[in-house]
Amino acid sequence: MANVDAADNWKTHFRDTMPAEISQQLAHGQLHARISDRVRELEQWGALFDRTENGDILQRAFGGHTFKRLCHVGDRTGSK
């Protein structure tokens, strides 16, 4: 989503999360390229997310990722 750091993108997310296996990289690359659309779709279905001051979905740090990308509500990620 890159709502917290504009330098983030699906390619850096891909590098942060993928092992070296080529076949898995190809499949996951397609997922990472479309993930922002899926988060917005979840929101249309009623999922709630914390917001930045300008109204974008807030993201926080997660596991060894280079950028903040975890969309959340408080500390209940995955819960509605």
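**Salt bridges**

Begin with the ion pairs: the count comes to 3 salt bridges, a salt bridge being a side-chain nitrogen of Lys or Arg within 4 Å of a carboxyl oxygen of Asp or Glu. The model is predicted, so local features need pLDDT of at least 70 and side-chain atom pairs count only at pLDDT 80 or more, whereas totals for chains, interfaces and linings use all residues. Residues are numbered from 1 along each chain as its sequence is written, and side-chain values use heavy atoms, with hydrogens and water left out. The confidence score pLDDT is the predictor's own, given for each residue from 0 to 100.

Select Asp37 and Arg40. Their side chains meet in a salt bridge, with an N to O distance of 3.8 Å. Asp37 and Arg40 stand 3 residues apart in helix α2 (residues 22-44), which means that about one helical turn separates them. Helices (H or I, at least four residues) and strands (E, at least two) are DSSP runs, numbered from the N terminus. Asp37 is partly exposed at a relative accessible area of 44%, and Arg40 is partly exposed at 38%. On this scale, buried means under 20% relative accessible area, exposed means over 50%, and partly exposed lies in between (1.4 Å probe, protein chains only).

Next, select Arg38 and Glu41. This pair also forms a salt bridge, and its closest N and O atoms are 2.8 Å apart. Both residues lie in helix α2, with 3 residues, or about one turn of the helix, from one to the other. Glu41 counts as partly exposed at 25% relative accessibility, and Arg38 is partly exposed at 39%.

Then select Glu43 and Arg51. Their side chains meet in a salt bridge, for which the model gives 1.7 Å from N to O. Arg51 has a relative accessibility of 39% and counts as partly exposed; Glu43 is likewise partly exposed, at 26%.

**The loop between α2 and β1**

Move to Thr52, which is placed in the loop between α2 and β1. Is Thr52 buried or exposed? Thr52 counts as buried, with a relative accessibility of 19%. Display its side chain together with that of Asn54: a polar contact of 2.4 Å joins the two. A polar contact is a pair of N or O atoms within 3.5 Å; within protein, one must be able to donate a hydrogen and the other to accept it, and residues adjacent in sequence count only if both atoms are side-chain atoms. Leaving aside residues up to four places away in sequence, Thr52 touches Asn3, Ile57 and Leu58, where contact means heavy atoms within 4.5 Å.

**Back into helix α2**

Select Val39, a residue of helix α2. Val39 counts as buried at 12% relative accessibility.

**Helix α1**

Select Thr12, found in helix α1. With 13% relative accessibility, Thr12 counts as buried. Which residues does Thr12 touch, not counting those up to four places away in sequence? They are Phe67 and Arg69. The side chain of Thr12 also makes a polar contact of 2.7 Å with the side chain of Asp8, and it reaches the backbone oxygen of Asn9 at 2.9 Å.

Arg15 counts as exposed, at 58% relative accessibility. Arg15 and Thr66 are 51 residues apart in sequence, with a C-alpha to C-alpha distance of 9.3 Å.

**The whole chain**

Finally, show the entire chain, which has 2 helices and 2 strands. From the N terminus on, the order of elements is α-α-β-β. Of the 80 residues in the chain, 24% are buried. Among the contacts with a separation of 6 or more, 41% are between residues 24 or more positions apart. The accessible surface comes to about 5600 Å², with 54% belonging to carbon and sulfur atoms; such areas come from the Shrake-Rupley method with a 1.4 Å probe, and for residues only the protein chains shown count as cover.

Colour by confidence as a last step. The chain averages a pLDDT of 77, and 72% of the residues score at least 70. Among the elements, α2 has the lowest mean pLDDT (73), while strand β1 (residues 59-60) has the highest (86). Where pLDDT is low, the predicted coordinates should not be read in detail.
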